[in-house]
Amino acid sequence: MEQYFDAQRPLYEVKANLFKGLSHPIRVSVLEVLTRKAEVSVAELLTSTGLEASHLSQHLSVLRRHNLVVAERRGSQVFYRLAYPQVADLLRVARALLGEILQTTHEQLATSASLPELVQDLS
């Protein structure tokens with residue numbers, strides 16, 4: 001198993017491993033659910049995501065391994081919460097950044113649509 005917070009590794013490698021935990025849409029979706037409530041049971045996550053239990057379990061394992069969530073067992077139920085409040089901040093910043101990227105792309109497309117076509121005369 002990899003060490004994600006090994007003091008001997010360069011910070012950029014540790015950061016890259018953090019982003020590996022965010023690199024799947026289902027994991028981002030799970031984190032988004034966890035940003036809305038202090039803690040969520042696995043049963044609620046199954047309902048929110050529509051995933052099968054085994055599939056959700058694999059993604060939760062990745063999120064735990066990358067220190068993005070923590071789990072707590074209470075009787076027969078397991079509850080998850082964000083490991084750090086900054087995870088919610090990171091998701092919020094990502095949404096804002098994506099909004100700006102989409103706006104810029106939209107503006108560029110609108111500008112390019114209004115440019116006259118360049119036609120080369122090869123005669």
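Modeller: Let's start at Glu72, which counts as partly exposed at 33% relative accessibility. Here buried stands for under 20% relative accessible area, exposed for over 50%, and partly exposed for what lies in between (1.4 Å probe, protein chains only). Before we go on, this is a predicted model, so local features need a pLDDT of at least 70 and side-chain atom pairs count only at 80 or more, while totals for chains, interfaces and linings use all residues. Residues are numbered from 1 along each chain as its sequence is written, and side-chain values use heavy atoms, with hydrogens and water left out.

Now back to Glu72. Arg81, also partly exposed with 35% relative accessibility, makes a salt bridge with Glu72, and their closest N and O atoms are 3.9 Å apart. Such a bridge needs a side-chain nitrogen of Lys or Arg within 4 Å of a carboxyl oxygen of Asp or Glu.

Opposite Glu72 you'll find Phe79 in E3, while Arg81 in E3 is the bridge partner of Val70. Strand E2 (residues 69–74) pairs with E3 in the antiparallel sense, over six bridges. Strands, like helices, are DSSP runs numbered from the N terminus, with at least two residues (E) for a strand and at least four (H or I) for a helix; two strands pair if DSSP finds at least two bridges between them. E2 and E3 make a hairpin with two residues between them, and in the turn Gly75 has a positive phi of about 65°.

The other partner of E3 is E1: two bridges join them, and they run antiparallel. Val40 stands opposite Tyr80, and Ser41 has Phe79 as its bridge partner. Put together, that's an open sheet of three strands in the order E1-E3-E2, with antiparallel pairing. E1 and E2 sit at the edges with a single partner strand each, so one side of each has no neighbour in the sheet.

Although E1 is an edge strand, Ser41 is buried, with a relative accessible area of 5%. Setting aside neighbours within four places in sequence, Ser41 is in contact (heavy atoms within 4.5 Å) with Gln77, Val78 and Phe79.

Not counting residues up to four places away in sequence, Tyr80 touches, among others, Leu34, Ala38, Val40, Leu45, Leu60 and Val69. Tyr80 is also one of the residues with the most contacts inside the largest nonpolar core, a group of 19 residues where Val30, Leu31, Leu34, Leu45, Leu60 and Leu63 join it on that list. Helix H2 (25–36), helix H4 (53–65), strand E3 (77–82) and helix H5 (86–114) each supply at least two of the core's residues, and H2 gives the most, with five. By nonpolar core I mean buried Ala, Val, Leu, Ile, Met, Phe, Trp, Tyr and Cys residues joined through side-chain atoms within 4.5 Å.

Glu32 and Arg95 form a salt bridge, with their closest N and O atoms 2.7 Å apart. Glu32 belongs to H2 and Arg95 to H5, so this pair ties together parts 63 residues apart in sequence. Glu32 is buried at 19% relative accessible area, while Arg95 is partly exposed at 44%. Another salt bridge joins Glu44 to Lys37, with 2.6 Å between the closest N and O atoms; Glu44 is partly exposed at 29%, and so is Lys37 at 42%. A search of the whole structure finds seven salt bridges.

To place the sheet in the whole chain, count five helices and three strands, which run α-α-β-α-α-β-β-α from the N terminus on. Of the chain's 123 residues, 24% count as buried. And among contacts between residues at least 6 apart in sequence, 50% join residues at least 24 apart.
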